[in-house]
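Biologist: I would like to go through the labels attached to this model and hear what each one rests on. Shall we start?

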Amino acid sequence: MNPSDISITRIPVEHVSDYWDQVSLLLKKGVDESGGRYDLASLYSQIVQGEQQLWVVFAVSNEIVAAVTTQFCVYPLKTNLSVVFCGSNETMGGTSGNWKKAMSDLIDWARHLNCDSIEFDGRRGWLKVFKSLGFRESYVAIEREVGE
C-alpha cells in the first residue's frame, strides 16, 4: 500500500462509538503498555468527553488500517499537540511511508490550530519512522513504582 492510498480523518465525538469496536483493537497494545495509566474504557471516556481526539487511518478500500489519539498539552510558554496512542494492522507498515503521511496530516492540523509543536511519547522505534519529518529524541521517560 502506498502513502497515497491512505487518509487520516478526525472522528467527531458523536461518531466515536461507530468506530470504537474496530479501533479499540488497534489501540489495545499501546493501552496495555501504558503502565496502568489507561484501560480501553478510560481512553474511550476521554475521547467522548473531548479530552482526546480520535483519528482513523483509512485505506482506499475504506478499510481501517490504523488509529491515533491526540490531546493538547498546554504548557506555560507553548501549546503542543501530543500523540497519546497509535496502533495499526500489518497493512500500515512500519517505515513504508504510510505513518509519515498520517503524521504529516497531524502536523498540518496542529499548525492550523496554532500549536507550537507536536510531541509523541512512545517506544524508541518511532524515531526511526518519523526522523525524516524532523522529529528528534528529546528525552527518554523511565519510571518505577514507589511501592517496589
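Modeller: Contact means heavy atoms within 4.5 Å. By that cut-off, and leaving out residues up to four places away in sequence, T69 touches L27, L43, I47, Q52, Q53, L54, S82, V83, V84 and F85. The model is a predicted one.

Biologist: What makes T69 count as buried or exposed?

Modeller: Buried means under 20% relative accessible area. T69 has 0% relative accessibility, so T69 is buried. The residue sits in strand β3.

Biologist: Why is the pair D32 and K28 called a salt bridge?

Modeller: The term needs a side-chain nitrogen of Lys or Arg within 4 Å of a carboxyl oxygen of Asp or Glu. The closest N and O atoms of D32 and K28 are 2.7 Å apart, so the pair meets the cut-off of 4 Å. Both residues lie in helix α1, 4 residues apart, about one turn of the helix.

Biologist: What accessibility do D32 and K28 have?

Modeller: Exposed means over 50%, and partly exposed lies between that and the buried limit. D32 has 52% and is therefore exposed, whereas K28, at 37%, is partly exposed.

Biologist: How many salt bridges does a search of the whole structure find?

Modeller: The search finds 3. One of them joins K101 and D105, with N to O at 3.0 Å. Another joins R111 and D108, whose closest N and O atoms are 2.8 Å apart. K101 and D105 lie in helix α3, 4 residues apart, and R111 and D108 also lie in helix α3, 3 residues apart.

Biologist: Why is R111 called exposed and D108 partly exposed?

Modeller: R111 has 53% relative accessibility, so R111 counts as exposed. D108 has 41% and therefore counts as partly exposed. K101, at 28%, is partly exposed, and D105, at 25%, is partly exposed.

Biologist: What makes the phi of N62 worth a remark?

Modeller: Most residues other than glycine have a negative phi. The phi of N62 is near 70°, a positive value. N62 lies in the loop between β2 and β3, and with a relative accessible area of 60% N62 is exposed. N114 also has a positive phi, near 65°. N114 lies in the loop between α3 and β5 and, at 64%, counts as exposed.

Biologist: How much space lies in the largest pocket?

Modeller: About 1800 Å³. Of the 50 residues that line this pocket, the closest to its centre are F120, D121, G122, R123 and W126. The elements that give two or more residues to the lining are α1, β3, β4, α3, β5 and α4.

Biologist: Which element gives the largest share of the lining, and how many residues is that?

Modeller: β4 gives the largest share, 8 residues.

Biologist: How does the lining divide into nonpolar, polar and charged residues?

Modeller: The lining has 23 nonpolar, 14 polar and 13 charged residues.

Notes
Residues numbered from 1 in each chain as written. Predicted model: local features only at pLDDT ≥ 70, side-chain atom pairs only at ≥ 80, totals over all residues. Heavy atoms only, no water. 1 Å grid on protein atoms, 1.4 Å probe; cavity = no way out; pocket = protein on both sides within 12 Å on 5 of 7 lines; lining within 4 Å. Points joined across faces, edges and corners; volume = space filled by probe spheres on them. Nonpolar A, V, L, I, M, F, W, Y, C, P; charged D, E, K, R; others polar. Buried < 20%, exposed > 50% of the residue type's maximum accessible area, 1.4 Å probe, protein only.
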